[in-house]
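Dear colleague,

Please find below the structure I am handing over to you, with my notes following it. I would be grateful if you would read the two together.

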Amino acid sequence: MTRQPRQQSQTGIYHVMLRGVNRQHIFEDEDDYSKFIFILHDLVSPKDELKRPLPPRCTFYSYCLMPNHVHLLIQETEEKLPRIVKQIASRYAMYYNSKYDHFGHLFQDRFKSEPVDTYSYFLTLIRYIHQNPIAGNLCRRVEDYSWSSWHEFTKSHYQTPAICAVSTVLGRIPLEELSEQVNTPLSKAQQVLEFDRYRGIAPVEAVVDFLKSAYNLEDPKDLQSYPKNKRNEIILAALDFGAGINQLYYLTNISRYIISHARARSKN
């Protein structure tokens, strides 16, 4: 079947999604997320061999790194979109394959993109991209998720490198108004590029209510201080209830390794 040509944007702005091949995870730990963010940073603040600044190769307006895919709101400047995305994907794949002794493709062969030609759609995408972790049942609030550009807008994480053209966005809409919109869930009719819906995972509020009612856990992060056997018992109960491994990781700050191995040990 012949591939359809990509739709071209009149503004040069696109919503791009990179997904792991067969929906596999592309981020295993915090260092992986950080590496991807610094790859984005190198594109907006490139330097030559003598460390002299070069013109930005593109502009980012927002991003969100999910366990098995990435959303980018990006504008072409010095280079065309396919070349920009190829640089991002190839650099990260080299890092990932070396770190995890991985062979074969990491990302799906062809990234997905949509042209962004109106301000209203641009704003909808900023909301959608930052709400992705909530839709994926990984957190309850936009500001709770560590690996999106929302922290650049709110300046809540000072260690986050400046990647996005925040001032450009806030020149069109005040932060208070943008924050209100970003924290207002989009209607189903406004959902865009629904590539990955995390089917079968219980809503985050249901998992929180389960932990509270069944184990008197007012704050899921308190589970970190429980004795190992009791902690693993509660983890298994939450997984049986319908929680996902990534969801529990973000709710409790307990590593994915501990959560997944608690399940593996229970089957032995």
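The side chains of Asp29 and Lys99 meet in a salt bridge, with N and O 2.9 Å apart; the term denotes a side-chain nitrogen of Lys or Arg within 4 Å of a carboxyl oxygen of Asp or Glu. This pair links distant parts of the chain, 70 residues apart: Asp29 is in the loop between β1 (13-19) and α1 (30-44), and Lys99 is in helix α2 (residues 81-100). Helices (H or I, at least four residues) and strands (E, at least two) are DSSP runs, numbered from the N terminus. Asp29 is partly exposed, because its relative accessibility is 27%, and Lys99 falls in that class too, at 35%. The classes are buried (under 20% relative accessible area), exposed (over 50%) and partly exposed (in between), with a 1.4 Å probe and protein chains only.

As to provenance, this is a predicted model, in which local features need pLDDT of at least 70 and side-chain atom pairs count only at pLDDT 80 or more, while totals for chains, interfaces and linings use all residues. Residues are numbered from 1 along each chain as its sequence is written, and side-chain values use heavy atoms, with hydrogens and water left out.

The structure holds 11 salt bridges. Among them is the pair of Arg52 and Asp48, whose closest N and O atoms are 2.7 Å apart. Arg52 is partly exposed at 48% relative accessibility, whereas Asp48 is buried at 16%. Another is formed by the side chains of Glu79 and Arg83, at 3.1 Å from N to O. Here Glu79 is buried, with a relative accessible area of 16%, and Arg83 is exposed, with 53%. Salt bridges that share partners also join Asp29, Asp32 and Lys99 into one network.

Two of these residues return in the packing of α1 against α2, where Asp32 lies on the α1 side and Lys99 on the α2 side. Two packed helices are described by the angle between their axes and the distance between the axes. The axes of α1 and α2 come within 10 Å and cross at roughly 150°; axes are lines fitted to C-alpha atoms, for helices over the stretch in contact, and angles run from 0 to 180 degrees between N-to-C directions. The two helices are therefore roughly antiparallel (angles under 35 degrees count as roughly parallel, over 145 as roughly antiparallel, 65 to 115 as roughly perpendicular and the rest as oblique). The crossing of α1 past α2 is right-handed, that is, the near helix is turned clockwise from the far one by less than a right angle. The residues that meet include Phe36, Ile39 and Leu40 from α1, and Ile84, Ile88 and Tyr92 from α2.

Turning to the cysteines, the structure holds 0 disulfides (a disulfide being a pair of cysteine sulfur atoms within 2.5 Å). For Cys139, the nearest cysteine sulfur is that of Cys64, 8.3 Å away. Cys139 is buried, at 5% relative accessibility. The sulfur of Cys164 is too far for a bond, because the closest cysteine sulfur, in Cys58, is 10.0 Å away. Cys164 is likewise buried, at 11%.

Lastly, His130 lies in helix α3 (residues 119-135) and is buried, with a relative accessible area of 1%. Leaving aside neighbours within four places in sequence, His130 is in contact (heavy atoms within 4.5 Å) with residues including Ser62, Tyr63, Trp150 and Phe153. His130 and Arg141 are 11 residues apart in sequence and 9.7 Å apart in space, C-alpha to C-alpha.

With kind regards
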